[in-house]
Protein chains: 2
Amino acid sequence: MNSEAVSKKIYIEIVKKIRKMIDEDGLKPGDKIPSERELSERLQVGRSSVREALRAIELLGLIETRRGEGTFLRDARGNQMVQLLSTFILQDQKAVKDLKDTIQFIEMDCLRVILQRNNDEGIHHYRQTVEMLDDVSDDEFFLKMVELTDNHLLYRIWVVLNDFYRSLDLKKETSSKPAYLAVLDALMNGEEKEVIEKYKKLRKLL
Amino acid sequence: MNSEAVSKKIYIEIVKKIRKMIDEDGLKPGDKIPSERELSERLQVGRSSVREALRAIELLGLIETRRGEGTFLRDARGNQMVQLLSTFILQDQKAVKDLKDTIQFIEMDCLRVILQRNNDEGIHHYRQTVEMLDDVSDDEFFLKMVELTDNHLLYRIWVVLNDFYRSLDLKKETSSKPAYLAVLDALMNGEEKEVIEKYKKLRKLL
DNA sequence: ATCCGCAAGTGGTCTGACCACGCTGTATAT
DNA sequence: ATATACAGCGTGGTCAGACCACTTGCGGAT
């Protein structure tokens, strides 16, 4: 029963098998995955090991467990991760500044990518959307912006950090529509310096 | 936020208590933390719950478990996280490109920060170090660079992503010393455009 | 003094049990 | 016939105890 060479932790293997299972069964966000007991039986491992694996996947924000109902796939958004990060990483004021800085670095990176891609139609379409809406929050504006960048990893990082930042109850500054439009216009104009300038104005960094 | 919420999972609470314990006892990297059985008894919870908490902390790269020895604090570097990320996020080639891009975005952000800080002495000192060493790897060069940025969060993210990227066995390109020096010189010169240009040359992006 | 082996301690895993909660089908009341 | 209440079942959450695998260190044998 115990083949050698398997000194690795079981739960890591289980994570991989569950991932494979999700792939093969073509499960999508919202779908239910097998119960802990069924996984335990199908994979021939103890339920506690299955739970350790699920905990890890949950930490990555990929599943959600609901007592009495089951375990479900979710559209990856950091959740537990945020809680734990806040427990460990947020120990001094410097950390908050680092967090804020990092979020803004990513946002500027996104702007640069969008600028370089030179996708005027996409930007124009987005500008129209913004113009129509009555109130736009910074979150919405940049979420869309980061999505436009089409870098899933960067998107994930930004979402986690932004959720985290919002979870601290600092004053949430919201900018005005003209500030958003100014950034978008600068993007269409095509001057990096101007884009960054408008961005910093929006974020009140000047 | 701090309301009852009795429905919270025990293991989250345990994580917080362990963190507090580490603080109060003044434990440092390398130190041993109490055994699972002792934690279980001291916190009056089941050992399996303690294990789920330790798994979470391990995922964050903050502890290391050694069978037969115990559990030890470590100098936070993403480890298990990397393995799990690779299991889940690395599903297509696009993901690899996103990863590479993201690493490079962060590196450029660091360069911009260093540039703005205008810390000539620090850069000069670093330049001397590089000049003396016989061979410098990209990893070493940028690790130092990200450290210089003095943003612990950004540092952590970079380390995780970079470890991850290195763990895929793609060809590891190493640049020549002149390329490093060119970036450093550009930093001292103070022109952002030139810094980015030298960086891209180093990364062979031109 | 050196070496070896065994006991103790630790993490890794499994099993079985019980609780808390959500859902659903059925029996009951209207 | 319809609406409501409730009990049973399946699920995740937690606990206790038992082994196993591995490391260390102590004590006895040489």
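**Reading the contacts in a protein–DNA model**

Guide: In this predicted model, the surface near DNA strand D receives at least two residues from each of α2 (36–42), α3, β2 (63–66) and β3 (70–73) of chain A, and likewise from α3 of chain B.

Visitor: How many residues surround DNA strand D, and which are the closest?

Guide: DNA strand D is surrounded by 25 residues. The closest are A:Arg47, A:Gly68, B:Ile10, B:Gly46 and B:Ser49. By class, this surface has two nonpolar, 10 polar and 13 charged residues.

Visitor: What part of DNA strand D do the atoms within 4 Å of the protein belong to?

Guide: Sugar or phosphate accounts for 64% of them, and bases for the rest.

Visitor: What makes the approach of A:Arg37 to a base nitrogen of DNA strand D a polar contact?

Guide: An N or O atom in the side chain of A:Arg37 is 2.9 Å from that base nitrogen. A polar contact requires a pair of N or O atoms within 3.5 Å, so this pair qualifies. Phosphate oxygens of DNA strand D are also approached: one lies 3.0 Å from a polar side-chain atom of A:Arg51, and one is 2.6 Å from a polar backbone atom of B:Ile10.

Visitor: Which residues are the closest to DNA strand C?

Guide: They are A:Ile10, A:Gly46, A:Ser49, B:Glu36 and B:Arg47, among 24 residues that surround DNA strand C. Of the atoms of DNA strand C within 4 Å of the protein, 62% belong to sugar or phosphate. The surface near DNA strand C divides into two nonpolar, nine polar and 13 charged residues.

Visitor: Are α7(A) and α9(A) roughly parallel or roughly antiparallel, and why?

Guide: The axes of α7 (residues 138–149) and α9 (residues 177–189) of chain A come within 11 Å and cross at roughly 20°. Angles under 35 degrees count as roughly parallel, and the two helices are therefore roughly parallel to each other. The crossing of α7(A) past α9(A) is right-handed. A:Asp138, A:Phe141 and A:Met145 of α7(A) meet A:Tyr180, A:Val183, A:Leu184 and A:Leu187 of α9(A). Six residues of this contact are nonpolar, none is polar and one is charged.

Visitor: What is the angle between α9 and α10 of chain B, and what are they called on that basis?

Guide: Helix α9 (residues 177–189) and helix α10 (residues 192–202) of chain B pack at about 170°, with axes 8 Å apart. This value is over 145 degrees, so α9(B) is roughly antiparallel to α10(B). Their contact comprises nine nonpolar, one polar and two charged residues.

Visitor: What makes the phi of B:Asp150 worth noting?

Guide: Most residues other than glycine have a negative phi. B:Asp150 is not a glycine, yet its phi is positive, at about 65°. B:Asp150 is in the loop between α7 (138–149) and α8 (152–167) of chain B. A:Lys204 also has a positive phi, near 60°, and lies in the segment after α10 (192–202) of chain A.

Conventions. Residues are numbered from 1 along each chain as its sequence is written. Chains are lettered from A and ligands numbered from 1 in the order in which they are written. This is a predicted model: local features need pLDDT of at least 70, side-chain atom pairs count only at pLDDT 80 or more; totals for chains, interfaces and linings use all residues. Side-chain values use heavy atoms; hydrogens and water are left out. Axes are lines fitted to C-alpha atoms, for helices over the stretch in contact, and angles run from 0 to 180 degrees between N-to-C directions. Helices (H or I, at least four residues) and strands (E, at least two) are DSSP runs, numbered from the N terminus. Angles under 35 degrees count as roughly parallel, over 145 as roughly antiparallel, 65 to 115 as roughly perpendicular and the rest as oblique. A crossing is left-handed if the near helix is turned anticlockwise from the far one by less than a right angle, and right-handed if clockwise. Contact means heavy atoms within 4.5 Å. Ala, Val, Leu, Ile, Met, Phe, Trp, Tyr, Cys and Pro count as nonpolar, Asp, Glu, Lys and Arg as charged, and the others, Gly among them, as polar. A residue is near a molecule or strand if one of its heavy atoms lies within 4 Å of it. A polar contact is a pair of N or O atoms within 3.5 Å; within protein, one must be able to donate a hydrogen and the other to accept it, and residues adjacent in sequence count only if both atoms are side-chain atoms.
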